[in-house]
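Reader: Hi! I have a new model open and would like to talk through how it is put together. Could you walk me through it?

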Amino acid sequence: MVRGIGRGGRGIPGRGGMGRPPFNRPRVLMLRPPFDLLLAEPAFPRCKPAPDDSVLTQALLKRHTELCPSPTDQAAVLSLVTKLQTVLDNIVVAPGEFAACQLEEVRQVGSYKKGTMMAGKNVADIVVIMKTLPTKEAVEGLSNKVNEEVNKLMKAEGSGAVVSACHERGFTVTGTSAAVRVLITTLHQNLRKIEPDVHLDYKVISSHLAAIRHSRWFEENAHHSSSKVLIRLLRDMCSRHSGLVPLTPWMIDLLAHHCIMNNPQRQALPINVAFRRALSLMAGGLFLPGCAGLPDPCEAAHSRAHTALDLAAQDLAAATAQTLLRVVARGGHLYVLGLQPFEGGKDISLEITVWDGVVVSPLAPAYNDSPEPMDTDDKDSV
Amino acid sequence: MMAANNYFGFTHGGTQYGAATASAAYGGQTGYAVAPAATAATYGTQRAAATGYDTAYQAAAATQAAAHAHAHAAVAAASAYDASKSAYYQQAAAAYPTAAPPQPQPTYDASAAKPAYSTPASYAQGTYSQGAAQRGAAAAKPAYGAVYSATTATASYPTQAYTATPAQTQKQIGRMVLPTRTGSALSTAKTTNRGNTAYDTALYNAASMYVAQQSKAAPGTGWKNYKTPGTGQPRRAKPPPKAQQLHYCDVCRISCAGPQTYKEHLEGQKHKKKEAAVKLAAAGGGASAAGGARGAAGGALRCELCDVTCTGADAYAAHVRGIKHQKVVKLHTMLGKPIPSTEPTKVGGDKEKDEEKEDDDAEPEVQPVGQDYIEEIRADDGKALSFNCKLCDCKFNDPNAKEMHMKGRRHRLQYKKKVQPDLEVKVKPSMHQRKLAEAKAQRMMVRDELWARRRMHDVYGQGIEEDERMYWEGGIEPWWRGPHHHHHHHGMGMGYGRRPETSDDRHVLTKHAEIYPGDAQLQHIHRAVAHTERALKSLSDALADSARQKTVPAKTKVDDKKDDKADGKEDGRDNQLFSFLAEGEQAGSTSTAGDAPRALKGVMRVGLLAKGLLLKGDRDVQLVVLCHDRPTVTLLKRVAADLPHHLAKVKGPGDEPKYKVELLPAEGAVQVSDAHVGVLVSLTSAVVREPADGGDIKRDDKDVLPRQKCLDALAALRHAKWFQARAATLQSCVIIIRILRDLCRRIPNWTPLNSYAMELLTAGVVQSAGAALSPGEALRRLMEAVAGGLLLEHGPGLRDPCEKELVDALGNMPPQKREDLTASAQQFLRQIAFRQIHKVLDMEPLPKAKHATGAWKFPRKRRRSNTDNEHDAPNGEGKIVKTEEKSDCSDTNKK
């Protein structure tokens, strides 16, 4: 009797291994999605009148308008992005005597591209794919060149000058009212040639490549405006609660899209339902080890979005979301959404609060760095 | 004749003269030469001896005499010559003992061998006439005969050449030996002067020099041309005495002080390396390869004289000035060798001119790259002191050196590696790289073949199998291609068959085993319940009898009882309604309308007992007795009064349990209890549920049992039925409910969750997963549901499926309790996620399963380790291993 015959090499179509144990093949991930009330509706039919959620809906919409950037901001970013795009395109097409690096492609990514920019953060992102390897000198050279060219354009237009400053991800061109981060990456086949002390960091470079994939995925799948509204709200919420800060924009994008669109009807859900669902899913362990989480559509199969977080961060994020869920359930959404500052800007997810006599207290972290390592690997993969 | 043919073929075949045929052919030739009819003595007879020693002698030396007469003389001469030569030859053989590589000097071969062997055609034809022979020899005169034999396997004298200049006054036989190890033409020129050994050695040196020069000049001028100006060969003919001491190595272009050092040099590493390089170049691409390989880098300059390639004009100038070059020039002047002009040759030499031109067109001048990566280190006055190349991590003081560096191959390679991967850098092919490339090609080939074979295998093996299976199974799709669930999570809604136990599962199951009631306890409970049920039936019968005692004789009662026993159902152990009615009676009750129906119609187990949720330590179970009419206090009192009597009757006299019956009018129930168990018997009736009209209530107001209690009892009946129909069939559901009951007992936050709500919740959670869940997964999913706010106020509530109208089974839970419950579940969820399920279950963490996954991968390892610690296997794992082991080794290693 061979154990695990059901999931061994024989069960998988297309594998030639005739009855031989799959030695170095990764074990099939057999993770369950978390409990999702929306999908479990048939098992839990509503037996009491749905609560009036208009207060929450209005609060959400109000907060969203606050979070949307003003048209002037958008115009400022747009003009700077356009200029940069022009300059970079020129370098791609006709490098001329510019020899610090060769550019393959220039793409807009990030919140500006996705249309999820937040008010007060007039920063757009552009990814530059280099044909050459991204040494620090190449970045510096490109930065200087771009700075020079953009300033030429600016002068011709009669507007203020821009400053370009390098950092570990590329460089940022900062104008008077907007900024563009130029993120440097290189061709995929060059990735393995990256050396840590000569070039930009490998992780940074590959994350920029991933950003391109994310933008494309977003364009194709998540362009629904409800998603964008929810993304803004969640990003704002996450930025104000310490436990949720580690969540990456990409995770939030995926979560928002999942909450809005992933329902039996395949129709966008109302914003209040989706918001509650997002909190509920996070509280229900969507981003905890051992959970199927959200599959990352831009990575290889079976990769989960939340594995970007370390275990402590996963724990903390879940704990924070759990506290916020209960706060919102008690009517504390104004604080959670940031419409009202809580006791002078304190993080409500860390405080004990009382709502109509009901005490809501934060939770202790469950993860501890125990001396015997908790190998979640085992757990994750079975 | 065959030998002649061979010889003939050999001459035209040139260098292709094979080793295999060599000995045979020469053997034949030898015989031919000494044969009486051997006019063939006019041409060279060769003897290939197994002693590793060969001779070649020129019969043409005796052309003045008759060929016949001299055949014999030639043999004699050969032996004498052998004697004188043997010493030298042994030396040579010792020095170059290994098997022969291919002919190293193709140019020499082409130019020298051909003209020599265009003539033997006339030899072959004119062997019988002396004149013809003479003529043939004369024809060969301006040149010389050269024989090459390349023997690879056995012979230690692989290459051999001999020259014949028969008409020459000195009667010189140039004998050229191309020893395999040096690969260069090391030749000996021999006169036929017999016994002149001193002269021999002197001449040997001279001849070697001569040949060396020849071979060097060969590409340009050709051996033949060189030879023609002076057939007398004054320099070599009378070698200067100095030349005797001069040992010149052509490959390395150095001279040695004496034969000893020369020999040592030839055996030395350095020489061998160079020789190998030359050989490689020759093998690589014919005549032009030597230059081509050496000068791969475009634009490099080469010093012909020293065979040194310089990367630039500066380097070349430096070389020409250098001591090494000067030495070589001096040496060559001394030897009288031609000295190529100091003008640098562009790499590749003359023959490569066009090729080089192409190179030049493609890359006229190497562009310096990576200016940005060279930082200047400046002195205080701002003058550049030195340069530091960050890519190559090297320093220069000279700006020129920096420029050179930036064009250099090393720098370019670094630049390619670190900055611009598509930069073209000409790579110097080295032995090592070539070997690597070959190995790689080999591997690729093997792999391709492997794939091809596997594909074949797939096509003919598995593929057919698969098709056939598809055919027979018709439209049935394999599960992995089954319809996807409406949302995109993997693993959901797919029947994956058996899943291995996780650590969570093991914890849950262990805990479950802990809380599951023991056999003794279950026995007690079941006995008490069975006794109570039978007593109730007996009581019911008694009541019925008393109600109709006028018409029915007492005997029938006994019959009824017998009938019941014949049914086989003595109590309600199947958790269904245990009806008190006998079969006949049922029919009778409708027909004899006048009769009062039985007051107690039946009894059913409800609650924990019916659902199988009893835990260790539970001692209270519930029975519900259905009455025909509204149960009244009077009836209850009657039951309480009569039950002990019937109990005693049922259990038999003198049996263990002493049952105590209590009347609980407020509960509408009777409590039957013994030392271990308490059985609560509630009375209720279906009539209670019907909307009570005012009159009825007024009539029995005083007497009827509390309505709510009766309703509760009825609900308990329905819940038990629901549970049996819905929850009990779900995998893991009952286990999880037991675990949760334990949780509720232990943790105050969970206590408010009433058991029915808990059952509903668990069943809903497990059912909504869409697939069978393992116990661990089910528990986690339940925690997820509660943590996600399912039980909070805005949630949907738990709809009670046993009520017609919408009822929340948990409707009465206060907000703070909900909050606490949710918070607790949230904490538990994270603890489960971080492998602390033992904290949730309040138990000791189990040791990690020893062979949970690894064993499956490495069955052999498991078998071995299993025999080691079979005894301390913590759970059922050991059992499975054992069976497997049995099947694996077919009981061989079972003692």
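Reader: Let's begin with the largest nonpolar core. Which of its residues touch the most other members?
Author: Happy to. This is a predicted model, and its largest nonpolar core has 110 residues, of which Trp750(B) and Met783(B) touch the most other members. Helix H27 of chain B, residues 707-727, gives the largest share of this core, with 10 residues.

Reader: And what does Met783(B) touch, leaving out residues up to four places away in sequence?
Author: Its contacts are Leu743(B), Trp750(B), Ala825(B), Phe828(B), Leu829(B), Ile832(B) and Val840(B). Apart from that core there is another one, of 59 residues, with Met154(A), Val162(A), Cys392(B) and Val419(B) among them.

Reader: Nice. Now chain B overall: how many helices and strands?
Author: Chain B has 35 helices and 19 strands. It runs to 895 residues, and 46% of them count as buried. Looking at contacts in chain B with a separation of 6 or more, 61% are between residues 24 or more positions apart.

Reader: I see a sheet with 6 strands there. What is the strand order?
Author: The order is E14-E15-E16-E19-E18-E17 in chain B, in an open sheet with mixed pairing. E14 (578-579) and E17 (660-664) stand at the edges with a single partner strand each, so one side of each has no neighbour in the sheet.

Reader: How many bridges join E14(B) to E15(B)?
Author: There are 2 bridges, and the two strands run antiparallel; E15(B) covers residues 600-606. Within this pair, Phe578(B) stands opposite Val603(B).

Reader: Which strands does helix H21 of chain B touch when it packs on the sheet?
Author: H21(B), residues 519-547, touches E14, E15, E16, E18 and E19 of chain B, and its direction makes about 170° with that of E15(B). Helix H25(B), residues 633-651, lies across E15, E16, E17, E18 and E19 of chain B and runs at about 175° to E17(B).

Reader: Switching to chain A: at what angle do the axes of H1 and H6 cross?
Author: Roughly 85°, with the axes of H1(A), residues 54-67, and H6(A), residues 225-240, coming within 10 Å. The two helices are therefore roughly perpendicular to each other.

Reader: Which residues make that contact?
Author: On the H1(A) side they are Leu60(A), Arg63(A), His64(A) and Leu67(A), and on the H6(A) side Val229(A), Arg232(A), Leu233(A), Asp236(A) and Arg240(A). By class, that gives 4 nonpolar, 1 polar and 4 charged residues.

Reader: Last one, Cys101(A). Where is it found?
Author: Cys101(A) is in the loop between helix H2 (71-93) and strand E1 (103-109) of chain A.

Reader: Why does Cys101(A) count as buried?
Author: Cys101(A) counts as buried because its relative accessibility is 1%, and the cut-off for buried is under 20%. Not counting residues up to four places away in sequence, Cys101(A) touches Met130(A), Thr132(A), Ala138(A) and Leu142(A).

Reader: And what C-alpha separation do you get for Cys101(A) and Glu137(A)?
Author: Their C-alpha atoms are separated by 9.1 Å, while the two residues are 36 residues apart along the chain.

Notes: Residues numbered from 1 in each chain as written. Chains lettered and ligands numbered in written order. Predicted model: local features only at pLDDT ≥ 70, side-chain atom pairs only at ≥ 80, totals over all residues. Heavy atoms only, no water. Axes fitted to C-alpha atoms, helices over the stretch in contact; angles between N-to-C directions. Helix = DSSP H or I, 4+ residues; strand = E, 2+ residues; numbered from the N terminus. Parallel < 35°, antiparallel > 145°, perpendicular 65-115°, else oblique. Contact = heavy atoms within 4.5 Å. Nonpolar A, V, L, I, M, F, W, Y, C, P; charged D, E, K, R; others polar. Core = buried A, V, L, I, M, F, W, Y, C linked by side-chain atoms within 4.5 Å. Buried < 20%, exposed > 50% of the residue type's maximum accessible area, 1.4 Å probe, protein only. Pairing = 2+ DSSP bridges.
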